[in-house]
Amino acid sequence: AMRAHKGWEQQWTSPEPKSEYDVIIVGAGGHGLATAYYLAKEHGITNVAVLEKGWLGGGNTGRNTTIIRSNYLYDESAGIYEHAVKLWEGLSQDLNYNVMYSARGVMMLAHNIHDVQVFKRHIHANRLNGIDNEWLTPEQVKEFCPPINLSADARYPIIGAALQRRGGTARHDAVAWGYARAAADRGVHIIQNCEVTGVRRAANGAVVGVDTNRGPINAKKVGVVAAGHTSVIMNMADVRMPLESYPLQALVSEPVKPLIPCVIMSNTVHAYISQSDKGEMVIGAGTDQYTSYSQTGGLHIINHTLDAICEMFPVLTRLKMLRSWGGIVDVTPDRSPILAKTPVPGLYVNCGWGTGGFKATPGSGNVFAHTIARDEPHRINAPFTIERFTSGRLIDEAAAAAVAH
Ligand code: FAD
């Protein structure tokens, strides 16, 4: 039977690096690949290389729980995440690649009066921005997700929820592969096993290229899209980033028949869950409390999450877990991303997505490509500067939501 799987075409080519490109993107995660794709598609810039130290999509893109939503509190955040949701809606057609975007609804549970007030404030703010988000009573929660436990005896009883029906999930690997194939079709070079080890600059300070473990490569512009390792690379250009890198874990169960019809998030008990199309329960935890570059995490963190999942879904108590893993998330002080020019001419940075950047992948790549191509930000990402941490003009989703998956 395996004979049928022989002779498949490569989805993208793996060329040797050239000595010079117009643009180098550091990091072949979803955001980096999307940036390259939109540089080629919308700005006609095709002399582009995406350099990846490991394998394509092997970072947070391939490790996340794929929750997609745009119901953020602040106008700036709503703007960028909604730009992404609109692109998600047509992405499979645009890339001619099934990214399995599934708008099955994201339900955020309220367990106390504070949650109720915060979520209702979000709902009103979202409506003003034309973004769908609605309040559900406990009975409506149960109707939308029948296996949920509404018992008043629960440690944190469920007293309502905010539901974004256009929210949902997508297939993470397909997003990376789809962007990679579509970018390569337009002439972008995707170069795996190529680690950036230095940022090369001219006497006037401007970027002229990078050093890699496969030799130096010249470039007129360099975009750093390296998630948890962003501050390491920016250090090479003497730019100090307002970032801390933390492990964030997730785990999946053995596959079972369709049971959980939507995405459920609880910030208060710190657990979130959805069921993949293969039938696995996909479960996410909170970040570890210490900074680290190891792609694992503390056992007590996932134990705590499973306690919460079992209380919300007693029907899952005897399910076996198959795998757990971690990724490194890059966290800014206000929990909002940075997509911006930097103090170094020709160097651009897209980072700080922390625990919640997968949902932004198409929108982020789209406006970052604009920023690189025109050397000025798009209207949507203009507020997401590095300088906001010195000017004080924060986009404080940290205070708005405490977490932001
Ligand atoms: P990555 O995919 O990490 O890409 C960065 C790439 O840069 C990596 O492939 C890395 O190898 C490469 N790189 C690093 N250093 C170098 C170097 N020196 N040279 C060359 N390449 C280099 N977001 C959501 O929206 N919803 C969720 O449900 C969600 N759940 C998550 C669950 C977990 C467990 C984790 C870890 C993250 C989660 N996220 C979620 C966050 C999301 O995964 C990230 O914000 C997003 O994937 C970042 O995307 P990226 O493509 O920029 O990063």
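Guide: Let us begin with arginine 335, which counts as partly exposed because its relative accessibility is 40%; buried means under 20% relative accessible area, exposed over 50%, and partly exposed in between, with a 1.4 Å probe and protein chains only. This is a predicted model, in which local features need pLDDT of at least 70 and side-chain atom pairs count only at pLDDT 80 or more, while totals for chains, interfaces and linings use all residues. Residues are numbered from 1 along each chain as its sequence is written, and side-chain values use heavy atoms, with hydrogens and water left out.

Visitor: Where is arginine 335 placed, and what is its phi?

Guide: Most residues other than glycine have a negative phi. Arginine 335, although not a glycine, has a positive phi near 60°, and its place is in the loop between E14 and strand E15 (338–341). Helices (H or I, at least four residues) and strands (E, at least two) are DSSP runs, numbered from the N terminus. Methionine 100 is another non-glycine residue with a positive phi, of about 55°; it is found in the loop between helix H2 (75–95) and strand E3 (106–110), and its relative accessible area of 31% makes it partly exposed.

Visitor: How many residues of helix H1 are buried, and what span is expected for the helix?

Guide: The expected span of a helix is 1.5 Å times one less than its number of residues. Helix H1 (residues 30–43) has 14 residues, and the 19 Å from its first C-alpha to its last is close to the expected 20 Å. Of these 14 residues, 11 are buried, so H1 is largely enclosed by the rest of the structure; among the buried ones are His31, Leu33, Tyr37 and Tyr38. Glycine 44 follows H1 and has a positive phi, near 65°.

Visitor: Which residues of H3 are buried?

Guide: An α-helix has 3.6 residues a turn, so residues three or four places apart point the same way. In H3, the buried residues are Asp115, Val116, Phe119, His122, Ile123, Ala125 and Asn126. The end C-alpha atoms of this helix (residues 113–128) are 23 Å apart, which agrees with the 22 Å that its 16 residues should span, and glycine 130, which follows H3, has a positive phi near 75°.

Visitor: Is H8 mostly covered or uncovered?

Guide: Helix H8 is mostly covered, with 12 of its 14 residues buried, including Phe368, His370 and Ile372. Just after H8, aspartate 375 takes a positive phi of about 60°.

Visitor: Which residues is histidine 189 in contact with, leaving aside its neighbours within four places in sequence?

Guide: Contact means heavy atoms within 4.5 Å. With those neighbours set aside, histidine 189 is in contact with Pro15, Glu16, Lys18, Tyr21, Val48, Ala49 and Val50. Histidine 189 lies in strand E6 (residues 189–191) and counts as buried because its relative accessibility is 18%. Its side chain is joined to that of tyrosine 21 by a polar contact of 2.7 Å (a pair of N or O atoms within 3.5 Å; within protein, one must be able to donate a hydrogen and the other to accept it, and residues adjacent in sequence count only if both atoms are side-chain atoms).

Visitor: Is isoleucine 158 buried or exposed, and what does it touch?

Guide: Isoleucine 158 is buried, because its relative accessibility is 6%. Its place is in the loop between helix H4 (138–144) and strand E5 (160–164), and, not counting residues up to four places away in sequence, the residues it touches include Leu109, His111, Val141 and Ile148.
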